[in-house]
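Here is a short briefing on one protein model. Please read it alongside the sequence and the coordinates.

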Amino acid sequence: MVLQQLVHVHGVSFHCPEVAGESLRRNIEQVNDPAPSRLDLLHFARRVVVQQATAAITQIDAWIGQEQEREARQRQAEEMRPPPPDWVVERGLQKTNLVAVHAGDCWTVAKSSRCVGVSRAQAVDALRQQVPACSHCRPDTGLGFLE
């Protein structure tokens, strides 16, 4: 019974004790075999390296796939984003007064949360109401506003 359990622990299960004993004798003989040759060790090392390289390549391929999906989602989001406004009016801290008129691509208000896109007519009207034009992007020149 002990012999059968021992053989089962090693991944083999037998129904008759004679076969189990024969298998155990075969395993004992393999344990007593001479040490592997240098060539056997080199072949073993090569198999290990190939296995590790294959696993690394599989992992890198998964990372590449994830990055391609991320870039595709980013491209899709950029395509769905509405175009920037041609003209922007910057509001003050109270959001009731107007501080300046800017071109839509002005770098000074690129990240500002106090700006709102306006039409060409609204931008000209703001300039007529003495709202100053941005000194960097000069929207008054682009609008052809002459006072």
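Helices (H or I, at least four residues) and strands (E, at least two) are taken from DSSP runs and numbered from the N terminus. The model is predicted. With that numbering, glutamine 130 falls in the loop between α4 (120-128) and α5 (139-143). The protein has five helices and three strands.

**Overall architecture**
- Reading from the N terminus, the order of elements is α-α-α-β-β-β-α-α.
- The protein has 147 residues, and 18% of them count as buried.
- Among contacts with a separation of 6 or more, 42% link residues 24 or more positions apart.

- Most residues other than glycine have a negative phi.
- Glutamine 130 has a positive phi, near 70 degrees, and is not a glycine.
- Glutamine 130 counts as exposed because its relative accessibility is 57%, and the cut-off for exposed is over 50%.
- Arginine 138 also lies in the loop between α4 and α5.
- The phi of arginine 138 is positive too, at about 50 degrees, although arginine 138 is not a glycine.
- Arginine 138 has 38% relative accessibility, so it counts as partly exposed.

**Loop between α3 and β1**
- Aspartate 86 sits in the loop between α3 (38-80) and β1.
- Its relative accessible area is 59%, so aspartate 86 is exposed.
- Leaving out residues up to four places away in sequence, aspartate 86 touches Ala103 and Gly104.
- Aspartate 86 and valine 118 are 32 residues apart along the chain, yet their C-alpha atoms are separated by 7.6 Å.

**Glutamate 90 in strand β1**
- Strand β1 covers residues 87-91 and includes glutamate 90.
- Glutamate 90 is buried because its relative accessibility is 13%, and buried means under 20%.
- The side chain of glutamate 90 makes a polar contact of 2.8 Å with the side chain of histidine 102.
- Beyond four places in sequence, glutamate 90 touches Asn97, Leu98, Val99, Ala100, His102, Val109, Arg114 and Cys115.

**Largest pocket**
- The volume of the largest pocket is about 160 Å³.
- Its lining consists of Pro84, Pro85, Val88, Gly104, Asp105, Cys106, Val109, Ala110, Ser112, Cys115 and Gly117.
- By class, seven lining residues are nonpolar, three are polar and one is charged.
- Val109 and Cys115, both in the pocket lining, are also among the residues that glutamate 90 touches.
- Gly104, another lining residue, is one of the contacts of aspartate 86.

**Cysteines**
- How many disulfides does the structure hold? The count is zero.
- A disulfide is a covalent bond between the sulfur atoms of two cysteines.
- The cut-off for a disulfide is a pair of cysteine sulfur atoms within 2.5 Å.
- The closest cysteine sulfur to that of cysteine 106 is in cysteine 137, 3.6 Å away, so the pair is too far for a bond.
- Cysteine 106 is buried because its relative accessible area is 4%.
- For cysteine 115, the closest cysteine sulfur is in cysteine 106, and the distance of 8.4 Å is therefore too far for a bond.
- Cysteine 115 has a relative accessible area of 22%, so it is partly exposed.
- Cys106 and Cys115 both belong to the lining of the largest pocket.

Notes:
Residues numbered from 1 in each chain as written. Predicted model: local features only at pLDDT ≥ 70, side-chain atom pairs only at ≥ 80, totals over all residues. Heavy atoms only, no water. 1 Å grid on protein atoms, 1.4 Å probe; cavity = no way out; pocket = protein on both sides within 12 Å on 5 of 7 lines; lining within 4 Å. Points joined across faces, edges and corners; volume = space filled by probe spheres on them. Nonpolar A, V, L, I, M, F, W, Y, C, P; charged D, E, K, R; others polar. Buried < 20%, exposed > 50% of the residue type's maximum accessible area, 1.4 Å probe, protein only. Polar contact = N/O pair within 3.5 Å; in protein donor to acceptor, adjacent residues only side chain to side chain. Contact = heavy atoms within 4.5 Å.
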